[in-house]
Amino acid sequence: PWERGDAEPPAPNGTVQQLPDVIIIGVRKGGTRALIEMLSLHRVVAAAQNEVHFFDWESHFQRGLPWYLSQMPFSLPGQLTVEKTPAYFTSAKVPARIRQMNPAVKLLLIVRDPTERVLSDYTQVLHNRLQKHKRPRPVEAVLMKGGEVNLGYKALNRSLYYLHMENWLRHFPLRSIHLVDGDRLVREPLAEMKEVERFLELEPQIGAANFYFNKTKGFYCLRDRGKERCLHDSKGRAHPHVQPAILHKLYRYFHQPNRRFFQLVGRTFSWN
Ligand code: A3P
């Protein structure tokens, strides 16, 4: 039996740890947790519980692939290992590093309306600040500077999808990256997940019985082998009210960048 001080905990019968076959690379606040939870409904999928931050955090990356492997879930040979770290998408050095590990890895990128994503990003940071008893910064003071969109606000850059996508496409062909429509995953999770199954060449297993709408939460929740569960309360939070004039400026700001992204990926989304 395994004892404290032994190098490794015991592996459940017949299971091994495997490097990921699939990585959810982002985007932060796109719906990445929902995506990995929904993917886990499939019996073939073994998902890492936590965000590993291997390719973007130097202190992790320096530990090398054996450390990365040690972060992976135990799975049976033939299962598909998946990890998600949303910060990968916007980190310039990550694509080359992932390619070096496995140029045939399959990548999932979930995107949502860039303006909505900014508000969701703001809301997450706001909650983190409140938790640490830091003073909240009003949304308008963060978004605007001198009456115009505050270009120094980092969350804006994360919503310039084309910028980051250009970098990924220098290292991976478009066919290696499946785009998940995060706005549609909220409304029609099954339809989106069927496309994910197809991209990953999985036997279709996820079905209507896996989802039910929870009126209190206002989102779909999951039914997994008879057990019902919703995502954590931090997923699906109300966003702050923003003056329409400011929202309008944000939408205008993202209009051209969105077009460039559509062109790059050869498809459009229902954003402005
Ligand atoms: P909001 O909290 O802004 O609504 P991530 O996991 O990448 O941080 O993304 C969080 C977002 O996932 C949430 O943003 C929410 O809109 C979205 N989401 C998609 N499907 C969901 C679901 N079934 N339950 C809860 N949140 C979901």
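**View 1. The five-stranded open sheet with parallel pairing, in the order β3-β5-β2-β6-β9.** The model is predicted, with local features requiring pLDDT of at least 70 and side-chain atom pairs counting only at pLDDT 80 or more, while totals for chains, interfaces and linings use all residues. Residue numbers start from 1 along each chain as its sequence is written. Strands are DSSP runs of E with at least two residues, helices are runs of H or I with at least four residues, and both are numbered from the N terminus. Two strands count as paired if DSSP finds at least two bridges between them. The edges of this sheet are β3 (45-47) and β9 (177-181), each of which pairs on one side only. Neighbouring strands are turned by 25° against each other on average, direction ignored.

View 2. A46 has T81 of β5 as its bridge partner.

**View 3. The three-stranded open sheet with antiparallel pairing, in the order β10-β11-β12.** Its edge strands, β10 (211-214) and β12 (227-229), each pair on one side only. From one strand to the next, the twist averages 30°. β10 and strand β11 (residues 219-224) run antiparallel and are joined by four bridges. Within this pairing, F219 of β11 is the bridge partner of N214.

**View 4. Helix α5 (residues 114-131) against helix α11 (residues 244-265).** The two axes come within 9 Å and cross at roughly 125°. Axes are lines fitted to C-alpha atoms, for helices over the stretch in contact, and angles run from 0 to 180 degrees between N-to-C directions. On α5 the contact is made by P114, T115 and V118, and on α11 by L247, L250, Y251, F254 and N258. Residues are in contact if their C-beta atoms, placed from the backbone, lie within 7 Å. Six of the contact residues are nonpolar, two are polar and none is charged. Ala, Val, Leu, Ile, Met, Phe, Trp, Tyr, Cys and Pro count as nonpolar, Asp, Glu, Lys and Arg as charged, and the others, Gly among them, as polar.

**View 5. The annotated stretch, residues 20-256.** UniProt lists these residues as "domain: Sulfotransferase" in an unreviewed entry. Over residues 20-256 the chain is 40% helix and 18% strand, with the end C-alpha atoms 35 Å apart.

Conventions:
Two residues are in contact if their C-beta atoms, placed from the backbone, lie within 7 Å. UniProt positions are given in the numbering used here, feature names are shortened, and annotations may be inferred rather than shown by experiment.
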